[in-house]
Amino acid sequence: MSEAWSPRVTRVLAPNPSPLTLEGTNTYVVAEPDAGSAVVIDPGPADEGHALAVVSACAGRDVELVLLTHTHVDHAEGARAFAERVGAPLAALAPGWATPDAPGLATGDPVAAAGLELRPLPTPGHAADHCCFLLAAERAVFTGDHVLGRGTTVVEWPGGDMAAYLTSLELVRDLRPERLYPGHGPLVLDAIARVEGYLAHRRDREAQVLAALAAGDRTPAEVVARVYAEVDPALHPAAELSVRAHLAKLVREGRVAATDGGERFHPV
Ligand SMILES: [Zn+2]
């Protein structure tokens with residue numbers, strides 16, 4: 001299912017809906033309207049029907065470049081095969097993923113393709129190799145799983161890094177974007193308010209974790225039982241990984257001490 005979200009940006013929805021991927025992964029076809037080629041961001045899962053839908057959304061234009069926001073399977077599983085199919089370089093921050101002819105993303109130097117410029121924004125947090133892309137022509141950011149179209153994203157210990165995540169949110173906010181093209185969910189038009197909301201949500205959660213420790217909780221499971229009391233217990237294991245990500249940040253900041261090999265935590 002493909003849908004024009006701006007004159008430059010077409011969203012192709014992948015058929016992989018789930019609680020974490022919402023309606024599915026958003027694959028984007030990006031080009032200046034008069035360009036003879038296109039950029040594809042996040043080819044998505046390995047799914048033949050989806051790959052064909054992305055090619056057809058390119059409307060006869062060659063794919064000049066394939067970009068990855070990060071290498072989680074819902075974004076990247078089909079990326080190598082898609083890049084090979086269309087004969088385009090594949091660029092990603094993650095080591096071992098980029099093809100030799102792809103532009104590097106780590107320096108943040110703008111990438112020119114399909115008649116426009118995309119600026120890589122390394123944004124670790126959700127994943128260490130996460131990279132957003134700024135489309136200056138629209139003051140828009142392709143946010144991958146850094147900011148979603150609805151709800152909040154997952155920052156799970158040990159793959160995710162909460163301190164890096166907050167810094168990366170501030171980086172996107174400080175660009176003063178006017179719209180966000182998320183990896184899942186609908187187009188975001190209140191971009192700055194959305195990112196501020198994400199920052200506030202994490203600050204609230206951190207305060208709750210500190211309050212739980214002050215009230216005597218010592219293990220991540222005890223903190224979860226208190227902080228996520230209203231949440232379905234089936235989600236508590238996932239919540240525990242998020243609490244551990246908060247605790248790791250607090251330990252690094254010297255505000256919490258860890259003992260028993262990182263299984264018990266105390267206020268400092
Ligand atoms: Zn995702």
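**Reading a zinc site and a helix pair**

Mentor: Let's start with the metal: the zinc ion is held by Asp74 (OD), His75 (NE2), Asp145 (OD), Asp145 (OD) and His184 (NE2), at 2.0 to 2.8 Å. This is a predicted model, where local features need pLDDT of at least 70, side-chain atom pairs count only at pLDDT 80 or more, and totals for chains, interfaces and linings use all residues. Residues are numbered from 1 along each chain as its sequence is written, and side-chain values use heavy atoms, leaving out hydrogens and water.

Trainee: What makes an atom a donor to the metal?

Mentor: Donors are N, O and S atoms within 2.8 Å of the metal (3.2 Å for Na, K and Ca); water is not among the atoms, so sites may look incomplete. Here the donor residues follow the spacing D-H-x69-D-x38-H in sequence.

Trainee: Is histidine 75 buried or exposed?

Mentor: Buried means under 20% relative accessible area, exposed over 50%, and partly exposed in between (1.4 Å probe, protein chains only). Histidine 75 is buried, at 0%, and aspartate 74 is buried too, at 14%.

Trainee: At what angle do helix H5 and helix H6 pack?

Mentor: Helices (H or I, at least four residues) are DSSP runs, numbered from the N terminus. Axes are lines fitted to C-alpha atoms over the stretch in contact, and angles run from 0 to 180 degrees between N-to-C directions. H5 (residues 191–214) and H6 (residues 220–227) pack at about 115 degrees, with axes 10 Å apart.

Trainee: Which residues of H5 and H6 meet?

Mentor: Contact means heavy atoms within 4.5 Å. Arg205, Gln208, Val209, Ala212 and Leu213 in H5 meet Val223, Arg226 and Val227 in H6.

Technical notes: Helices (H or I, at least four residues) and strands (E, at least two) are DSSP runs, numbered from the N terminus.
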